[in-house]
Amino acid sequence: MQGGSSGIVYGGLKYQARCIADVRADASSTTFLAGTLSLKEENEVHLIRLSPAESELVCDGVFYHPNEIWDLKSCPFDHRVFSTVYTSGEGFGASVWKIPELNGQSNSPQLEQLFELSGHTGKIRRVIWWPLGKHDKLISIDDRNIFLWNVDMSNKSAKVISQGSADMLPNLSGGAWDPHNHNSIASISDSSLHLWDLRSMEKSSAIEHAHIRDVDYNPKKQHVIATTEDDFGIRLWDLRMFKLPLKDLPGHSHWTWAIQHNPEYDELLLSAGTDSTVNLWLAKVSNNDSEPDSPSGSPNRQEEPLLNSYTDYEDSIYGIAWSSHDPSLFASLSYDGRVVLESVKPYLQRK
């Protein structure tokens, strides 16, 4: 199904951008953080909130950020804390920041840098928070290593407690933390996906020979992940059996860049790509998760319904985020700095 957009637009970002995150810890409203990616101008982090009347996206604060923002994640247990990965001189850095008390100001005081995640020798790609509440650990990923940090917010400190090496894996690019098992993460690279045991920092099961751009765990179904791949679009996998995917979805007409499961409706998936489109999928997985949903044992691409394509964009879309406060809403961010909030309520009756 093709569709334009009837969504709510936020036009406050002045520069190019690719990072948007749901503020999960804000229990009172639908709130997002978005960060800019300007090479020449001072970059900004915008705190964006849906108005009580749900008629507009309002700016609750604009904060100066010293560098281009390549990754942004909100702390799941403190709505004023977030992490960024950014350019730093000739390389990349990562820090955890705290938003100052707003006191009714929209142009707010400077962000407080709680601590820097220093010690990486490679290019830092991602910072990952434990997704389901308060946890004293953080993960950072560079192109060669995975770091597990012990963080102390009150003392504004972070310490590396273990490190895993990718060995011969080329170019780690990201990953996701298993919401069902805080000792397990998935990492992605130019050619594979690997699962890691954080207790031993050893990698185990893998999806080989796949250029994976994003990965996301299903928060409602254990052992199920979704990946975006250059060759196969979107795939759903059972972590206990990587021989064949559970489902194949066609993805986008160009690179499928981002994938996210809905936090409440376990069969809803969002994907975004460099074809300037956001797709909403109803991705049903069979009750017998150990068997691919295909009579021949080969993936079936045709049976998965595309609920809607949101096409009212003029640039590539790198950022998507469901609202934890209202899981029927999601925000998307196109590279030209345009944020759009959409509702999927018309499609929930299809579930």
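Predicted model: local features only at pLDDT ≥ 70, side-chain atom pairs only at ≥ 80, totals over all residues.
- Strand S17 is largely enclosed by the rest of the structure, because 5 of its 6 residues are buried.
- On one side, strand S16 (residues 184-188) pairs with S17 in the antiparallel sense, over 5 bridges.
- To see one of these contacts, look for isoleucine 185, whose bridge partner in S17 is tryptophan 196.
- S16 and S17 make a hairpin, with 3 residues between them.
- S17 and S18 make a hairpin too, this one with 4 residues between the strands.
- Methionine 201 lies in the loop between strand S17 (192-197) and strand S18 (202-208).
- Most residues other than glycine have a negative phi.
- Methionine 201, although it is not a glycine, has a positive phi of about 55°.
- Is methionine 201 buried or exposed? Methionine 201 counts as buried because its relative accessibility is 8%, and the cut-off for buried is under 20%.

**Strand S12 and its two partners**

- How many of the residues of strand S12 (residues 137-142) are buried? The count is 6 of 6, so this strand is mostly covered.
- In a regular strand the side chains alternate between the two faces of the sheet.
- In S12, Lys137, Ile139 and Ile141 point one way, while Leu138, Ser140 and Asp142 point the other way.
- Strand S11 (residues 124-129) is joined to S12 by 5 bridges, and the two run antiparallel.
- Within that pairing, valine 127 stands opposite serine 140 in S12.
- Strand S13 (residues 145-152) also pairs with S12 in the antiparallel sense, over 5 bridges.
- Here isoleucine 139 stands opposite leucine 148 in S13.
- S12 and S13 form a hairpin that has 2 residues between the strands.

**An open sheet of four strands**

- An open sheet is formed by 4 strands in the order S19-S20-S21-S22, with antiparallel pairing.
- Its edge strands are S19 (212-217) and S22 (247-249), each of which pairs on one side only.
- From one strand to the next, the twist averages 20°.
- S19 and strand S20 (residues 224-229) are held in antiparallel pairing over 5 bridges.
- Aspartate 214 stands opposite threonine 228 in S20.
- Aspartate 230 is placed in the loop between S20 and strand S21 (233-238).
- Aspartate 230 counts as partly exposed because its relative accessibility is 29%.
- The C-alpha atoms of aspartate 230 and threonine 256 are 7.0 Å apart, although 26 residues separate the two in sequence.

**The largest nonpolar core**

- In soluble globular proteins, nonpolar side chains tend to be buried together.
- The largest nonpolar core in this model has 17 residues.
- Which residues have the most contacts inside this core? They are Val278, Leu280, Tyr310 and Val344.
- Strands S24 (268-273), S25 (278-282), S26 (306-310) and S27 (317-322) are the elements that give two or more residues to this core.

**The second largest pocket**

- Rolling a probe the size of a water molecule over the atoms shows where empty space is left.
- The second largest pocket holds about 220 Å³ of space.
- It is lined by 14 residues, and the closest to its centre are Asp26, Leu47, Asp60, His79 and Leu102.
- By type, the lining of this pocket divides into 5 nonpolar, 4 polar and 5 charged residues.

- Glutamate 54 is found in the loop between strand S5 (43-50) and strand S6 (57-65).
- The phi of glutamate 54 is near 55°, a positive value in a residue other than glycine.
- Glutamate 54 is partly exposed, because its relative accessible area is 48%.
- Valine 85 lies in strand S8 (residues 81-88) and is buried, with a relative accessible area of 0%.
- Valine 85 and arginine 126 are 41 residues apart along the chain, and 6.6 Å separates their C-alpha atoms.

Note on methods: Residues numbered from 1 in each chain as written. Heavy atoms only, no water. 1 Å grid on protein atoms, 1.4 Å probe; cavity = no way out; pocket = protein on both sides within 12 Å on 5 of 7 lines; lining within 4 Å. Points joined across faces, edges and corners; volume = space filled by probe spheres on them. Nonpolar A, V, L, I, M, F, W, Y, C, P; charged D, E, K, R; others polar. Core = buried A, V, L, I, M, F, W, Y, C linked by side-chain atoms within 4.5 Å. Buried < 20%, exposed > 50% of the residue type's maximum accessible area, 1.4 Å probe, protein only. Pairing = 2+ DSSP bridges. Axes fitted to C-alpha atoms, helices over the stretch in contact; angles between N-to-C directions.
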